[in-house]
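Student: Please take a close look at one part of this model, the aromatic ring pairs, and go through it in a connected way.

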Amino acid sequence: MVPVLSLFSGIPAEHHPALWARMEAVRRRYERHAYIFLAGSANPKCGVVLSGSAELIKDAADGSQALVEQVFPGEIFGLAFALRQVAAVPFSCRCREATEILLFNPRAVASLEQPPCPGQQRLLDNLLLLLTDKTLQMQRKVDCLSCRTIRERLLTYLKGCREGEIAFNRSELARYLCVDRCALSRELARMRREGLIVFDGRRFTTGEGV
């Protein structure tokens, strides 16, 4: 059975098989750097990460790739696009490592054409909460990208993080903030000299000057 995830929070395990059938769910394993779907795909299923991790990436006209977000165990991706049945998704989903995904059709969960099965209403409630979380994550990125300078983007991003280790390495952080990696490294070095931040690898602490 599926591990305990936020998608199935509060739903007894004995109800999972019927819900899997209603969701048209399928469990798949992917190797590192394998694509779950490509930009331009039509009517994709959404997915929840069971193990490993994935990233949503968007190709730019110059051939570079912007990092939209990373997805870790228990987190969902592609929900809004699957619900809307878009003709072409604007980004690709790629595994960062060996990853197991539960793919499903959220429209089937919300369908009223069949009698409800046990746990279905709780599953819908959980989907709504997950969609709300994704909306807040996207708002956080909009807040970062609305800043004009690399420093402002960094400070905005770091203020939204807990003290400690961030999710991105240096290259991923540059892609997430849509800035050049070398320019990001130079700005980080300046901010450290000015006492604004202290960092070691992925571990960041903001200073009193922030």
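Tutor: What follows starts with the ring pairs and then turns to the strands and a helix contact.

This is a predicted model, in which local features need pLDDT of at least 70 and side-chain atom pairs count only at pLDDT 80 or more, while totals for chains, interfaces and linings use all residues. Residues are numbered from 1 along each chain as its sequence is written, and side-chain values use heavy atoms, with hydrogens and water left out.

A search of the whole structure finds seven aromatic pairs. Rings of Phe, Tyr and Trp (its six-membered ring) pair if their centres lie within 6.5 Å; planes under 30 degrees apart count as stacked, over 60 as edge-to-face and the rest as tilted. The ring centres of Phe-37 and Phe-91 are 6.1 Å apart and the planes stand at 40°, so this pair is tilted. Phe-37 belongs to strand 2 (residues 35-37) and Phe-91 to the loop between helix 2 (79-84) and strand 7 (92-95), so the pair ties together parts 54 residues apart in sequence. Helices (H or I, at least four residues) and strands (E, at least two) are DSSP runs, numbered from the N terminus.

Phe-91 also forms an aromatic pair with Phe-81, edge-to-face, at 5.1 Å centre to centre and 80° between the planes. Here Phe-81 lies in helix 2, ten residues from Phe-91. Phe-37 is buried at a relative accessible area of 10%, and Phe-91 is buried at 8%, whereas Phe-81 is partly exposed at 26%. Buried means under 20% relative accessible area, exposed over 50%, partly exposed in between (1.4 Å probe, protein chains only). Ring pairs link Phe-37, Phe-77, Phe-81 and Phe-91 into a cluster.

An open sheet of four strands runs in the order 1-8-3-6 with antiparallel pairing. Strand 1 (26-30) and strand 6 (76-77) are at the edges with a single partner strand each, so one side of each has no neighbour in the sheet. Two strands pair if DSSP finds at least two bridges between them; strand 3 (residues 46-51) and strand 8 (residues 99-104) have five, in the antiparallel sense. Within that pairing, Val-49 has Ile-101 of strand 8 as its bridge partner.

Last, the helix contact. Helix 5 (residues 150-159) packs on helix 7 (residues 181-193) at about 75°, with the axes 10 Å apart. That makes helix 5 roughly perpendicular to helix 7. Axes are lines fitted to C-alpha atoms, for helices over the stretch in contact, and angles run from 0 to 180 degrees between N-to-C directions; those under 35 degrees count as roughly parallel, over 145 as roughly antiparallel, 65 to 115 as roughly perpendicular and the rest as oblique.
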